[in-house]
Amino acid sequence: MHVQSRFLQQCAACLVIAGAAFGAWAAPGTRDTANSLRDKYTALEQQLQRNPFGRPLVLESRESPSRLTGEIYALVPYPFAQVRANLNRADQWCDVISLHINTKYCRPATGPTGTVLRVHVGKKTPEELGQAARVDFAYDLAVSTPEYFDIALRAGVGPMGTSDYRIALEAVELPNARTFLHLTYSYAFNFAGKLAMQTYLATLGRDKVGFTPVAKPDDGQGGYVGGLRGLAERNAMRYYLAIDAFLDSSGSAPEARFERRLQSWFTATEQYPRQLRETDRAAYMQMKRAENLRQQTVQ
């Protein structure tokens, strides 16, 4: 039973790897790409104003036979220069990623091909570092201009049959000191990986749901999408809320930022208890403080 539980916990961890890799966009030029993102903002403006999230946010998800993708478009009340300054370094991304409840450790390092984030992902409870899965993500600030940026994290191989992790963030300047964000969370899986995920979702994760309403409320998921798409939506939201909490803390005194972003992230997740509640505030704070100490001392 212990072995099976451990396997399922590892399955859950491999599904939330902060993962991954935002590739550079295929637009022919930076200004064209910035304008494309502004056009997307215009197309979504009504949804951003009226939605069930209580904030200007639109969430989309897709599931194919071998890939999961969750996307979030959001309007944030921070000037573009502030957003770019707080999200253009690898160490800042480790601070963002570490807010996720499953992230046990993150440290940037210089590799043969550039900067790498060494990330350990595990259970939603305290865990020894050696027991958590390690995945190295290539960090790439693909584009950075006074009006637009595109940041990429990439991991070719993950645990439990997963691969090609991608988390991508692009942002564009809007009038009135606002910024429009587009976050993408995506990874591929083989047959073994899909089986592992389905096993987790049928056991430890059987009550988990996403955010997209479904047409049949009698499907056992309380009217929300479940399964793999629900999984992608939950983690896309967790990472978006981590970005927002990190930006919110940037105006605090340096010595107060860590505690503020922990509190902000947990408070934000509590707005969606059906999808995101995993523990109580005291347990989360205690675990993250211990992990932060370990991150500062363990090379």
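Colleague: Is aspartate 164 buried, partly exposed or exposed?

Modeller: This is a predicted model, in which local features need pLDDT of at least 70, side-chain atom pairs count only at pLDDT 80 or more, and totals for chains, interfaces and linings use all residues. Residues are numbered from 1 along each chain as its sequence is written, and side-chain values use heavy atoms, with hydrogens and water left out. Buried means under 20% relative accessible area, exposed means over 50%, and partly exposed lies in between, with a 1.4 Å probe and protein chains only. Aspartate 164 has 26% relative accessibility, so this residue counts as partly exposed.

Colleague: Which strand holds aspartate 164, and what is its phi?

Modeller: Helices (H or I, at least four residues) and strands (E, at least two) are DSSP runs, numbered from the N terminus. Aspartate 164 lies in strand β7, which covers residues 162-174. Most residues other than glycine have a negative phi. Aspartate 164 is not a glycine, yet its phi is positive, at about 50 degrees.

Colleague: Where is asparagine 176, and is it buried or exposed?

Modeller: Asparagine 176 is placed in the loop between β7 and β8 (178-189), and its phi is also positive, near 65 degrees. Its relative accessibility is 68%, so asparagine 176 counts as exposed.

Colleague: Which residues does arginine 238 touch, leaving out those up to four places away in sequence?

Modeller: Arginine 238 is found in helix α6 (residues 227-249), and with a relative accessible area of 3% it is buried. Contact means heavy atoms within 4.5 Å. On that basis, arginine 238 touches His100, Ile101, Trp265, Gln275, Leu276 and Glu278.

Colleague: Why is helix α4 described as largely enclosed, and which of its residues are buried?

Modeller: Helix α4 spans residues 90-97, and because six of its eight residues are buried, it is largely enclosed by the rest of the structure. Those buried residues are Ala90, Gln92, Trp93, Cys94, Val96 and Ile97.

Colleague: At roughly what angle do the axes of α4 and α6 cross, and which residues make the contact?

Modeller: Axes are lines fitted to C-alpha atoms, for helices over the stretch in contact, and angles run from 0 to 180 degrees between N-to-C directions. The axes of α4 and α6 come within 8 Å and cross at roughly 115 degrees. The contact is made by Gln92, Trp93, Asp95 and Val96 of α4, together with Ala242, Ile243 and Phe246 of α6.
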